[in-house]
4 protein chains.
Amino acid sequence: MIKAAVLGATGYAGIELTRILSAHPDVELEILGSQSFDGQPISEVYGNFAHVLDLTCEKLDLSRVAMCDVAFTALPHGASKDVIPSLIEKGLKVIDLSGDFRYDDIEVYEKWYNQKHSSPELLAESVYGMPELYREKIKTARLIGNPGCYTTCSILGAYPLLASGIGSSDNVIVDAKSGVTGAGRGLGLAYHFCECTENTKAYKVAAHRHTSEIEQELSKAAGREVMISFTPHLIPQKRGILATIYINLKKKSTTEELVEIYKEFYKDEYFVRVKDAGKLPETKHVAGSNFVDIGMVADTRLNRAVIVSAIDNIYKGAAGQAVQNMNLMFGLDEKTGIANAGFYL
Amino acid sequence: MIKAAVLGATGYAGIELTRILSAHPDVELEILGSQSFDGQPISEVYGNFAHVLDLTCEKLDLSRVAMCDVAFTALPHGASKDVIPSLIEKGLKVIDLSGDFRYDDIEVYEKWYNQKHSSPELLAESVYGMPELYREKIKTARLIGNPGCYTTCSILGAYPLLASGIGSSDNVIVDAKSGVTGAGRGLGLAYHFCECTENTKAYKVAAHRHTSEIEQELSKAAGREVMISFTPHLIPQKRGILATIYINLKKKSTTEELVEIYKEFYKDEYFVRVKDAGKLPETKHVAGSNFVDIGMVADTRLNRAVIVSAIDNIYKGAAGQAVQNMNLMFGLDEKTGIANAGFYL
Amino acid sequence: MIKAAVLGATGYAGIELTRILSAHPDVELEILGSQSFDGQPISEVYGNFAHVLDLTCEKLDLSRVAMCDVAFTALPHGASKDVIPSLIEKGLKVIDLSGDFRYDDIEVYEKWYNQKHSSPELLAESVYGMPELYREKIKTARLIGNPGCYTTCSILGAYPLLASGIGSSDNVIVDAKSGVTGAGRGLGLAYHFCECTENTKAYKVAAHRHTSEIEQELSKAAGREVMISFTPHLIPQKRGILATIYINLKKKSTTEELVEIYKEFYKDEYFVRVKDAGKLPETKHVAGSNFVDIGMVADTRLNRAVIVSAIDNIYKGAAGQAVQNMNLMFGLDEKTGIANAGFYL
Amino acid sequence: MIKAAVLGATGYAGIELTRILSAHPDVELEILGSQSFDGQPISEVYGNFAHVLDLTCEKLDLSRVAMCDVAFTALPHGASKDVIPSLIEKGLKVIDLSGDFRYDDIEVYEKWYNQKHSSPELLAESVYGMPELYREKIKTARLIGNPGCYTTCSILGAYPLLASGIGSSDNVIVDAKSGVTGAGRGLGLAYHFCECTENTKAYKVAAHRHTSEIEQELSKAAGREVMISFTPHLIPQKRGILATIYINLKKKSTTEELVEIYKEFYKDEYFVRVKDAGKLPETKHVAGSNFVDIGMVADTRLNRAVIVSAIDNIYKGAAGQAVQNMNLMFGLDEKTGIANAGFYL
């Protein structure tokens, strides 16, 4: 059994990790780290865990975490700067859900996060935890920068077309809609039920940090610098991101041809489901699962592809992908504990 | 492996059964019966199953179902009248999710369902599938009448107090609120999103069939006839029933004393979670799980207990309880495949 | 034109008052009091008011409020203890939306609100602002204690049957479900969208303050002390309260007979709509309006009436009723500015 | 008083018209046309109208409609082909909410609607009912083609920038999100509450009819043919459209400069509210009102404008705009009966 710690267990990403790991056949959850709920049984903080998980939240104690094989750090950006180097040194594998270890280029991080990076050497070593692109590196990594939610949805949606050379890297637009769990459990007027329900809005237009992460990967796909318009929106549902991606086509193509490119690209990927022409993703098909659903339409009138990509933001966009990475790092079948269908209802 | 058929697989109870069984370690799903979607892959009817379950819906063919060990019948009331006797004869165990096999007294059925019962002898043999009350009988049964959703929530909420002799059997009132999955997938103006969201209403006041099922069991608890006011309400959420139960107290009691009665009554039940005094159930704590959460307050001013009971109507109230029954009938640990915590998010 | 001030304008009751008054043909809104948003245009705090209402929020300044004819105080309980006497003294009419001036008996207030009342003499003078019961007194009042939301729904639903002598005053149970606006705009984990949506729960069981207000009025209806079980629930919608009321019947009655009692009792009331037998209220029929919809079923099996009453909690349950009171106090047609149908959509 | 008929009164656009007109100071509602509910009081079809509007639905009878001054036709496309010419002939003014009379070019209509137009001469005479663009023509028109919901939101959002010459007419992308009332009251699995809630999806990608309407008007703005990507999405709320519009900039511009262009363009428009730089629209600010809120960001990194436009799809996007047109056609103040702030809650 893999002994695991979740640090930041009582936020939404952390508790989804806890839910997945508590049912994982090869994992023993040892530590639920939480500053705010130190000393409280997890089943009091989240009533759904009563009778299922008998663990008590605890403040960070590195010597206790050291008994684990893996630590998931679901802390605010920058918060784990001392913690992660220390855990790595103690021989743990670390999967970090913050933005701190997702970048190839430290300057990009420092510009978009507006802070100095505290562990440049670890950043250099860390692997971007997107198994569909970096599976082999993940297997031997000590430190994973687990991708962001918008990022996962956008990159996996756009990558094959840009990599194919058919999609133009100019004028790429990603219009993304996210459920409210993406904002976390912290209080804020914008997340009050009465302000949030029956409401849709854009936010951080042209300024969201995930832009830089998406550009980093899509530039590799295209083999040249890609700059995108990325617009996040808040929609009145809990789970789910739907990204609508606009890419101009360098040569006339049909929807069927584009679908074929995607099916070929993802032919060995269990967690990526490419829709047949005529069908499109919906967030309810992926909610509660680690799947990415991708569908598309070639607008022959405009010579432009419209690609629609859907994930569950806290599952494939956070906790589920983290477990997928853990599975790879420990030599397990990548699907272990996360192969299930979504809830639908 | 237990070979299983789900008849009526594309309704909401049926698809939840399919979801649970597709991940059950001891079950092989063989047949998904559906009149309406005959010939369609289940992953086209419910997109969440793509890559997970490779089965095609099929019309009822008794000879094919006969190869299974167990059949779950999730068909409208009365619809399986020829099917079930035939399956029993072929040696299958049958778990029926309709109201047809839940009654001790055929007259009660015929009065509340307003139709003649087609298999009186099977009704006599069938066992009421509520493991918390009839575990031993279920283990050896051939035919289970799987309880209704309102019923499960109400009976388990009221039983201990009435059985204790402290609760009065006069003036028992059950005010129940149900999510919309309880109404099934059939179309109807009342279930149109725009009519349903931001709306709460009572329906079938003093006339809902589940009343008779609740009274049957609570009368056994009390050792005398119990008649109840049962009021179902439709609330704007997908999953969940919350039943608020009012029972007069024959002797002065504190909340702590009542809680103690419940904790003792359910002390061996994994799926029943009795809340400590001061805490109350919420539907989000049970959604996506087989748990029943029960909390209560003794109103000492009025000498009355207010008991609040919560379940997921399509899980513990239908599909999950059916699997719990199957586990018992096949000698498995009762919790197999359904022990998980709810979604919370 | 009546010059009006809304003190506490940026809470949910206050802003609904502002919305109604901004379109009232006989009112000129002069002052929007708000401690938190002092100096900000109301259209920045609530974007829906841009181009409609050009007022800036301001801190309380009694000398400025003194230029008004009427003040609506939508402040927390106890908060307006100095304010209201001062306004009354300056000759304003005051409609208070807190619980401070709703009680006949100061001891009841002090027990349920757990604080000393600061203006016993004003309490003695104040009139309970429920026009259906106290219209004549309201017309000449200087100070109105505007009823609570649960209260309005419950009292108007139960009053006629208790007053008729047919309903028993023993064992009266009010099971009420409220939308989230009832909790106000303050932040709290329970009101975070992700915690609130897809969730229903009971709270303050046997302990909610509105119990005392309901008992006060129903005791007058029955002509003897009435004590009730009152259970509030939070449901995932913005607006609306549905109260399901159980009253035992002292003589056998049909639904039609009960409906007749209610139609007679409310025959002159524009804002009370009694449903014909066979129909029941829904919150969406009243949302955005000042109506109270009441329907009922006589359960002849149990000799018990189940009465369902619905209002919009922040309209008839707060702001709309306050305007109805203002209309009466200033000699206007009671319906002025609030006669409209609800939104439905 | 203007005598008005609403034909198709029981659909969602029709009932919103009915709601607005029932409170309009200069209108007397005479006829509510409905095939499906012929003979039923409107207050039974929509419970919110009880005590407010005492009209009974009736089948179409042209001779009765002839007594009116204005008819609003809220019927399916093509359905009013005989009706409208007849009403015009009888001297009524007609405001048609279908797509039949919105086009300059009959071929565009016939291509996108895939049917022959039945009244080419009336199409030639009809005026496109967008007051912000065609106010003077509307005042004297006999027949108005009332714009579509997506259309209104998109055109008013993009027009000023294209008209200014700064926005490029290449690569215009409109990504629109609509509430479910846009789909009407007809039943369909996609609109079942349980399928719709917690779900977001794109539909009719590159194929929605409103594309042609948007292109028609934006081409006039740009002074050359504009072809756009238009992607409609369904989001889990009742009211509201949010359109996110991407337009490349021909010269470097700041957000403030773009805002200035919009403020100037709409400086005389009550119903268009241009947001200051740093603020963006939300659907809850416009729900229940006739306002269009427009905000924008100049992405200087990409030299591209991202414009966000929000309306209430059944108000400004259908019923409210129809009333605005009626006001103009009858010489009333354009704001009469529709000047109110939105609900917010």
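Student: What conventions apply here?

Tutor: Residues are numbered from 1 along each chain as its sequence is written, and chains are lettered from A and ligands numbered from 1 in the order in which they are written. The model is predicted, with local features needing pLDDT of at least 70 and side-chain atom pairs counting only at pLDDT 80 or more, while totals for chains, interfaces and linings use all residues.

Student: Why is D:Ser178 called buried?

Tutor: A residue is buried if 20 or more other C-beta atoms, placed from the backbone, lie within 10 Å of its own, exposed if 12 or fewer, and partly exposed in between. D:Ser178 has 26 C-beta neighbours inside 10 Å, so it counts as buried. D:Ser178 belongs to strand 8 of chain D; strands are DSSP runs of E with at least two residues, helices are runs of H or I with at least four, and both are numbered from the N terminus.

Student: Which residues does D:Ser178 touch, leaving out those up to four places away in sequence?

Tutor: Contact requires C-beta atoms, placed from the backbone, within 7 Å. By that rule the partners of D:Ser178 include D:Cys149, D:Pro232, D:His233 and D:Asn313.

Student: What makes strand 9 and strand 12 of chain D edge strands?

Tutor: Two strands pair if DSSP finds at least two bridges between them. The open sheet of chain D has seven strands in the order 9-10-8-11-14-13-12, with mixed pairing. Strand 9 (201-202) and strand 12 (272-274) each have a single partner strand, so one side of each is left without a neighbour in the sheet.

Student: How do you know that strand 9 of chain D pairs with strand 10 of chain D?

Tutor: Two bridges join strand 9 to strand 10 (residues 228-234) of chain D, and the strands run antiparallel. Within strand 10 of chain D, D:His233 is the residue opposite D:Ala202.

Student: Why is it said that chain B and chain A meet through the same surface?

Tutor: Of the interface residues of chain B, 100% are also interface residues in chain A, so the copies meet through the same surface. The contact joins 31 residues of chain B with 31 residues of chain A. Helix 1 (residues 12-22) of chain B supplies the largest share of its side, five residues.

Student: What is the class make-up of the side of chain D that touches chain A?

Tutor: The contact takes 37 residues from chain D and 38 from chain A. Ala, Val, Leu, Ile, Met, Phe, Trp, Tyr, Cys and Pro count as nonpolar, Asp, Glu, Lys and Arg as charged, and the others, Gly among them, as polar. On that basis, the chain D side has 17 nonpolar, nine polar and 11 charged residues.

Technical notes. Contact = placed C-beta atoms within 7 Å.
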